[in-house]
Amino acid sequence: MAQDNPTQPHQVLLLLPSHCFTALESKASHKFHFLKAWDSPLPQAQFLQSHATSSQVLLSFPKETPITAQLLQLLPSLKLLITISAGLDRVDLAACRARGVRIANSSPIFAGDVADMAVGLFLDVMRKISAANRYVRDGFWVSGGDFVLGSKVGGKRVGIVGLGHIGLQVAKRLEAFDCKILYNSRKEKPSVSYPFYSDVCELAANSDVLVICCALTAQTRHMINKKVLLALGREGVIVNVGRGAIIDEKEMVQCLVQGEIKGAGLDVFENEPQVPKELFELDNVVLSPHKAVLTADCFTDVTDLAMANLEAFFSNKPLLSEVVNY
Amino acid sequence: MESIAVLMPIPMSSYLEQELEKRFNLLKLWTVPNKTQFIKDHSASIRAIVGNASAGADAELIAALPKLEIVSSFSVGIDKVDLKTCKEKGIRVTNTPDVLTDDVADLAIGLTLAVLRRLCESDRYVRSGQWKEGDYKLTTKFTGKTVGIIGLGRIGKAVAKRAEAFSCPIAYFSRTEKPDLKFKYYPSVVELAANCDVLVVACPLTEETRHIINREVINALGPKGVLINVGRGPHVDEPELVSALVEGRLGGAGLDVYEKEPEVPEELFALENVVLLPHVGSGTVETRSTMADLVIGNLEAHFLKKPLLTPVV
């Protein structure tokens, strides 16, 4: 329930600073009272125990702050967690569920930028854009002649793993390139006409490209294993804009080195910022430092979404990006 | 037909060479030491030329080959073929339209994403170990940006179709307005450049379109604008482009073509907002094979006195 004391603006708890918050604070400091744990000389746990027992809303950037059961214990009044991310893999969802904490994330905002990254990586791998750019800059076009041929994108079968906000945006874009869309998801989606595969291995066997757009959960960890990669095959390409751990990275590296799959476009890795150095030798791999959402527009939009969710919560209106059935 | 002499000036496709050698007497000009002498020696027998984007048939070459009947280009752009002279002499000209439209449009979008999202640069960032020191900087969103297209023919329309899937409003400049299309028309390239975020060159190279991207257009596109050239190098005043990029008057560029290929202005190598490709617009295994089949098909049709498949003249 919203606080009903008009002299005290609605309180929002934050644990660590971020440049995303700076933008929000300047827009929203008159509407909300931001309780900043990092401003206090007290260690975090002590600060929360003495100052945050009535905090109802936590605004979090899970990349820095995992939301653990222990943390939630220190916030007995917590009703809403707003995360500036799409991924919830660093949030103890079971603990949130048990305490009846609602969650709003930033999926709808990120979807466009992440989908753009997925398509960009896919086009780069297929048409060898980064490799060709290196070829020109290293002087080989002059000395070595024509560059090698790439692969046509049109007509290729794209298997999307996870048809949520992001997966749907990837599908929409690649349809315009005449790709055939197939997918695997936790449940079949009657609202789309794309062929559904309940088994990700079967999806891989029927795809030329696999695009990983799903969440990292206990079920999806290492879901893309050696069996799936071999099913994808020697002409297959994998693109990952989800989380590194969805793919068995060691197996994928081996498959790439041995030519069991044709190429990969990767924005995420199992142990960022560590990247398997075998990949540095390969021209058929495009590497990106987890930046799918790192656009200036995204930051503005995510700030606006956080504000809108806060306003909705404090006026008892439906949240704009609530994660249901987490 | 094995006795018919077909001249190929430069290498362009080993598959095409193989297929030509099966059917004709293929003369590979790049393998001979004295090209001028070679032309003289074979001037009485050469009946066809297979050219491409880099080498075609100019007035001089046509004049040296009195038996020339057909020029079949392994490309859609035929700016390297002297069409006027061919028309006058009744020499047929064919190209490879449609089969490469998708690949070129795909590359235009690929280049746009690579420039705006700094894909090549951030790949380099990872490979050099810099990610361990900190995150890469913010890049620019593509979804929703206005895409301006010069030339709304096959390739231009295919670029528009793809950009629309990214919710990009489409604007264009063309020789004539196309009222049946719902895109915003601008009567001049400068106005188009001033009103879009990404400007794509997708028109044929003619006398009218040479240097269609000049200093005025580049300044209108501006410090946040991006130029994508998948047309021909001479569409762009290259020295002006280079100085605009170096000085920051233009936000970025994705180039597949240059005024004097394979030479690329070296000032561009240091710029992280530029992606440089070695004329690979139609460069996929699938499409080059289809293009080669079309060249062969046109030559066979001609020598069997059947209608040409894709005649220009």
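Modeller: A search of the whole structure, which is a predicted model, finds 13 aromatic pairs over all chains.

Biologist: Let's take A:F32 and A:F34. Why is this pair called edge-to-face?

Modeller: Ring centres must lie within 6.5 Å to pair, and planes over 60 degrees apart count as edge-to-face. The centres of A:F32 and A:F34 are 6.3 Å apart and their planes meet at 65°, so the pair is edge-to-face. Both A:F32 and A:F34 are buried. They also belong to one aromatic cluster with A:F313 and A:F314.

Biologist: Now to chain B. What makes B:V93 buried?

Modeller: Buried means under 20% relative accessible area. B:V93 has 0%, so the residue counts as buried. B:V93 sits in strand 5 (residues 92-94) of chain B.

Biologist: Which residues is B:V93 in contact with, leaving aside its neighbours within four places in sequence?

Modeller: Among them are B:V71, B:I78, B:L83, B:T310 and B:V313.

Biologist: How many residues are in the largest nonpolar core?

Modeller: That core has 157 residues, and B:L16, B:I150, B:L199 and B:I213 have the most contacts inside it. Helix 5 (residues 107-127) of chain A gives the most to this core, with 13 residues. There is also a second, separate core of 37 residues, including A:L203 and A:I238.

Biologist: What does B:I150 touch, not counting residues up to four places away in sequence?

Modeller: Its partners include B:F173, B:V189, B:L192, B:L199 and B:I213. As a general point, nonpolar side chains tend to be buried together in soluble globular proteins.

Biologist: How do you know that the length of helix 11 of chain B agrees with what a helix should span?

Modeller: Helix 11 of chain B (residues 285-303) has 19 residues, and at 1.5 Å a residue it should span 27 Å. The expected span uses one less than the number of residues. The end C-alpha atoms of helix 11 of chain B are 27 Å apart, so the two values agree.

Biologist: What comes just after helix 11 of chain B?

Modeller: There B:K305 takes a positive phi of about 60°, and B:K305 is a residue other than glycine.

Biologist: Why is B:K305 called exposed, and why is A:K128 called partly exposed?

Modeller: B:K305 has a relative accessible area of 77%, so B:K305 is exposed. A:K128 has 26% relative accessibility, so A:K128 is partly exposed. The phi of A:K128 is positive as well, near 55°, and A:K128 lies in the loop between helix 5 and helix 6 (129-137) of chain A.

Biologist: What makes the peptide bond from A:E272 to A:P273 cis?

Modeller: Its omega is near 0°, and the bond is cis. A:P273 is in the loop between strand 10 (263-266) and strand 11 (285-287) of chain A. In chain B, the bond from B:E261 to B:P262 is cis too, with omega near 5°. B:P262 is in the loop between strand 11 (252-255) and strand 12 (274-276) of chain B.

Biologist: Which domains does the assignment give for chain B?

Modeller: It gives domain 1 (5-99 + 286-303) and domain 2 (101-276). Their centres, taken over C-alpha atoms, are separated by 31 Å. The contact takes 10 residues from domain 1 of chain B and 6 residues from domain 2 of chain B.

Notes:
Residues are numbered from 1 along each chain as its sequence is written. Chains are lettered from A and ligands numbered from 1 in the order in which they are written. This is a predicted model: local features need pLDDT of at least 70, side-chain atom pairs count only at pLDDT 80 or more; totals for chains, interfaces and linings use all residues. Side-chain values use heavy atoms; hydrogens and water are left out. Helices (H or I, at least four residues) and strands (E, at least two) are DSSP runs, numbered from the N terminus. A nonpolar core is a set of buried Ala, Val, Leu, Ile, Met, Phe, Trp, Tyr and Cys residues joined through side-chain atoms within 4.5 Å. Buried means under 20% relative accessible area, exposed over 50%, partly exposed in between (1.4 Å probe, protein chains only). Contact means heavy atoms within 4.5 Å. Rings of Phe, Tyr and Trp (its six-membered ring) pair if their centres lie within 6.5 Å; planes under 30 degrees apart count as stacked, over 60 as edge-to-face and the rest as tilted. Domain bounds come from an automatic or database domain assignment.
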